[in-house]
Amino acid sequence: MIYGYARVSTNDQETTLQIDALTRAGVDEIVQEKASSVGKRPALRALLPRLTKGDVLVVYKLDRLARSLKDLLQILEQLELSGCGFKSLTEPIDTVSPAGKLMLNILGSVAEFERTLIRERAIAGQVAAIKLGRWPGRPRALTPEQENEAFARWEDGETKSGIAKSLGVSHDVVKLAIYRRTQPSHPRVYGNRKVLGPLLHQ
């Protein structure tokens, strides 16, 4: 079965253009939705679980279906898992055809490239902050003096829970303070240093 999906962004818009195009494309059932672009699109969410192997979902334009490339790829992945095809009437996206599948793979590569760029920019910002003396992350709950005190008391046999209670912090805070002195390479301590450390010397 071929389903058509039409959506407008605001209540004063009409789906006439989309409906006409979908009707000419020969869809069997058209689902309409009038909602903000940031809405949850209940009509679409209700339609997706209905789609089964051999069905095809058709839209007039990609931006009628998804709000971002990430959103689009997630929906297309769900359609693929259901064995459902997808087609845009105004863009070269048609998962039923080889050319459309190629374009979909290109979109996926673009999305992965975008994620890599975002990650690299984030790391570059963290490295710059570290070089200025500001290590990224939440401020420590204990001062260096309090951490020294906690460590000394733990060495004397006091429990982490007792130390934490007296200092007004959580058990994990005290445990981390001890790790900093006994296991500096522990993942809880090392964290992003494993990734950022080598970059600090570039």
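This is a predicted model: local features need pLDDT of at least 70, side-chain atom pairs count only at pLDDT 80 or more; totals for chains, interfaces and linings use all residues.

Q: How do you know how confident the predictor is in the protein?
A: The average pLDDT is 77, and 67% of the residues score at least 70. Confidence is highest in E3, at 93, and lowest in helix H10 (residues 193–196), at a mean of 49.

Q: Why is the pair of Arg50 and Glu29 called a salt bridge?
A: The closest N and O atoms of Arg50 and Glu29 are 3.1 Å apart. The cut-off is 4 Å between a side-chain nitrogen of Lys or Arg and a carboxyl oxygen of Asp or Glu, so the pair qualifies.

Q: What parts does the pair of Arg50 and Glu29 tie together?
A: Glu29 belongs to strand E2 (residues 29–34), while Arg50 sits in the loop between helix H2 (42–47) and strand E3 (56–59), so the pair ties together parts 21 residues apart in sequence.

Q: Why is Arg50 called partly exposed?
A: Its relative accessible area is 40%. Partly exposed covers what lies between under 20% (buried) and over 50% (exposed), so Arg50 falls in that class. Glu29, with 25%, is partly exposed as well.

Q: Is Arg64 buried or exposed, and what makes it so?
A: Arg64 has a relative accessibility of 14%. Buried means under 20%, so Arg64 counts as buried. Its salt-bridge partner Asp63, 3.1 Å away from N to O, is partly exposed at 35%. Lys61, Asp63 and Arg64 are linked in a network of salt bridges.

Q: What makes Glu149 and Arg153 a salt bridge, and how far apart are they along the helix?
A: Their side chains meet at 3.0 Å, N to O, and the limit is 4 Å, so the label holds. They are 4 residues apart in helix H6 (residues 144–155), which means a separation of about one helical turn. Arg153 counts as buried at 19%, whereas Glu149 is partly exposed at 36%.

Q: How many salt bridges does a search of the whole structure find?
A: The search finds 8.

Q: Which residues touch the most other members of the largest nonpolar core?
A: Of its 19 residues, these are Leu51, Leu57, Leu65, Leu79 and Phe86. Strand E1 (2–8), H2, E3, helix H3 (62–65) and helix H4 (69–81) each supply at least two residues of this core. H4 gives the most, with 4 residues. Another core, of 9 residues, lies apart from this one and includes Ala150, Ile163, Ala164 and Val169.

Notes. Residues are numbered from 1 along each chain as its sequence is written. Side-chain values use heavy atoms; hydrogens and water are left out. Buried means under 20% relative accessible area, exposed over 50%, partly exposed in between (1.4 Å probe, protein chains only). pLDDT is the predictor's confidence in each residue, from 0 to 100. A nonpolar core is a set of buried Ala, Val, Leu, Ile, Met, Phe, Trp, Tyr and Cys residues joined through side-chain atoms within 4.5 Å.
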